[in-house]
Amino acid sequence: MHALELARRECRAGLDLGRRTGLAPATVATLTCGLGTALRQSGLPDEARPVLAEAEALAATADASATRLAALEGLGVIEETGASKRMAIRYFEQAARLAAQAGDSVREIGLLNRLAVVAASQLRFADAESFAHRALDIAAGLGDPEQAARAIDGAKLVAWYLGDLDELERLAAGAEPRLRSDGEWYLQFVLLESAYVPAARGQWTVADARVEEGLALNDRIGNRAERPLLLALAARLDRWRGRLDTAWARCVDACELVTRVGADWMLSWARTELGALLLELNEPGPAIDRLEEGRRVARACHSSTVELWSVGHLCRATLRVGDERSAAAHVQEMADLIGLVTVPAGRAFLGAEDALAAYSEAALELGDPTPAHEVMEPLLEAADRAGHLPAHARASLVLARADRTAGNVHQACRRLRHARNSAEAGSLAVLSLDVVDALAEVTDGIERAEHLATAAGYRDALRAHRLNGPPGGTRSPLVESPVATVGDPDVVAARAGRAVDLVYQGWRTSSAHGAHRELTRRVALEEFELAERSGGSSHKSAASQGPRILEQVFTLVDSSAERDYREALVLDSGRDDFRAWSASFPR
């Protein structure tokens with residue numbers, strides 16, 4: 001700070017002298033720009049802004065293009081981190097034109113990269129990609145590996161937002177050799193962001209290796225200021241594959257660390273990621289708190305991209321707690337943000353696939369199927385072209401729910417089978433569970449039994465990664481299906497009654513009685529557990545008897561395999577308690 005104070009003092013002294021002696025206009029512009037730059041670098045943007053604006057005007061009058069370029073770039077930096085990203089783009093574009101006119105390719109590459117990053121933060125992905133590709137073209141013409149690696153920055157970010165896996169893979173492969181020999185600071189970001197390529201394709205061994213290498217590199221260079229972003233990036237991949245305990249630890253670490261390093265946009269990102277995770281843990285109340293903070297901070301630092309993520313998840317979270325009025329308001333807010341999104345032809349904002357799905361599903365539950373089709377259908381097409389398994393599975397699931405709501409069960413089943421293929425190919429545990437639960441809701445008989453058994457297996461796998469006394473007082477959540485935890489209590493409780501039907505139907509249609517006994521026992525017990533935990537109070541007592549009654553059902557079906565199980569129960573005078581219990585559940 002001493003050096004900056006000295007710079008400010010010398011610039012002011014020079015300007016005072018100029019006023020007395022009549023310095024050339026170009027020199028006055030240079031001194032004014034120097035003062036403005038020193039003020040900006042001293043953390044005084046409000047004082048720097050008018051000084052740099054004066055310097056830009058003086059330089060334009062004096063035809064001092066280098067000084068004007070520096071002033072414009074300084075103004076852009078102030079607005080980039082301040083209140084007007086739109087003004088930042090305007091300043092950077094003017095500066096980039098001046099750099100091009102002056103033949104300063106290195107400066108132009110830097111400005112185009114800044115433009116790509118700022119435009120992406122405003123959801124202007126088509127413009128962002130255009131800026132990034134111009135930087136790449138200029139760098140390629142220079143033949144300088146350092147500039148080529150530098151030019152990748154904006155292009156890599158845009159490819160990540162758009163879920164363009166091939167482009168992201170190509171850019172990372174081009175940058176890594178240079179960065180591994182000289183560029184460790186930047187390499188950590190390349191490793192974490194490009195880990196999404198194998199992860200989205202279900203290649204988790206490769207993805208894990210890149211994540212671990214990137215985090216280890218961050219540890220080695222001691223770059224704590226950027227670690228929250230790296231942790232949030234890693235946590236989303238953990239969410240994809242159902243490692244919810246690891247995701248929790250990384251999100252909490254990111255949120256705690258970012259409060260110490262003081263980067264608002266990273267705070268909004270970390271809080272939003274934690275909120276999305278809490279939603280998957282069926283903790284909508286705590287999720288709302290984190291998501292609202294993420295939205296508030298994103299608005300304060302004018303990051304429309306993170307604001308869209310947070311608002312999308314808020315649509316679902318508020319609906320989960322029964323607050324339809326807030327959910328409807330968030331749905332409208334999300335629609336307004338989506339209206340700002342521009343993407344290149346044939347592409348979609350795949351980087352926000354979960355938030356866009358949450359919004360579309362909330363709108364569907366509130367009676368409006370339009371977002372499911374207008375948002376999810378282009379996203380599904382883009383995901384299919386990109387080979388992006390999470391986005392493909394999630395879009396297919398949302399569209400299937402829209403089809404089912406419209407009464408097109410056949411189309412819903414077809415979409416759900418596609419969703420299941422993508423989710424299982426990607427080893428996406430939470431998505432796979434959601435899809436199989438949805439399949440169980442639209443099928444019956446042995447097919448439904450198989451889906452429920454598969455869902456039970458996914459729940460078991462997710463329980464291996466459940467939270468056990470997480471920090472901050474949040475209770476340890478069980479991962480269950482949204483239908484089981486959010487639906488009408490009577491509908492939830494009815495599943496226990498259907499479980500009894502399932503036992504008999506599955507038993508009759510299976511030749512592998514021994515194996516199927518375990519399958520049906522497991523599924524029915526799961527249904528009883530969900531009904532007891534989530535059903536209405538009138539059903540809790542009856543559901544709690546499920547495990548005992550279930551064994552009685554097995555005994556009866558064993559002895560009367562070709563009879564309707566109700567007839568078998570009637571013939572057994574000792575089963576009056578079961579008949580009364582069974583009748584308490586709606587069918």
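## Ground rules

Residues are numbered from 1 along each chain as its sequence is written, and side-chain values use heavy atoms, with hydrogens and water left out. Because the model is predicted, local features need pLDDT of at least 70 and side-chain atom pairs count only at pLDDT 80 or more, while totals for chains, interfaces and linings use all residues.

## Aromatic pairs

Rings of Phe, Tyr and Trp (its six-membered ring) pair if their centres lie within 6.5 Å. Planes under 30 degrees apart count as stacked, over 60 as edge-to-face and the rest as tilted. The count comes to 12 aromatic pairs. Take Phe125 and Phe349. Their ring centres are 4.7 Å apart and their planes are at 45 degrees, so this pair is tilted. It links distant parts of the chain, 224 residues apart. Phe125 is in helix H7 (residues 125-142). Phe349 is in the loop between helix H18 (324-338) and helix H19 (353-365). Helices here are DSSP runs (H or I, at least four residues), numbered from the N terminus. Both Phe125 and Phe349 are buried. Buried means under 20% relative accessible area, with a 1.4 Å probe and protein chains only; exposed is over 50%, and partly exposed lies in between.

Now take Tyr196 and Trp240. Their ring centres are 5.5 Å apart and their planes are at 75 degrees, so this pair is edge-to-face. Tyr196 is in helix H11 (residues 196-200) and Trp240 in helix H13 (residues 227-241), 44 residues apart. Both Tyr196 and Trp240 are buried.

Ring pairs join Phe125, Trp160, Tyr161, Tyr196, Trp240, Trp269, Trp309 and Phe349 into a cluster.

## Helices H17 and H19

Trp309 is also among the H17 residues that contact H19. Contact means heavy atoms within 4.5 Å. The axes of H17 (residues 304-320) and H19 come within 8 Å and cross at roughly 35 degrees. Axes are lines fitted to C-alpha atoms over the stretch in contact, and angles run from 0 to 180 degrees between N-to-C directions.

## Glu273

Glu273 lies in helix H15 (residues 264-280). At 2% relative accessibility, Glu273 counts as buried. Glu273 touches Ala232, Ala235, Arg236, Arg239 and Cys251, leaving aside residues up to four places away in sequence.

Notes
Helix = DSSP H or I, 4+ residues; strand = E, 2+ residues; numbered from the N terminus.
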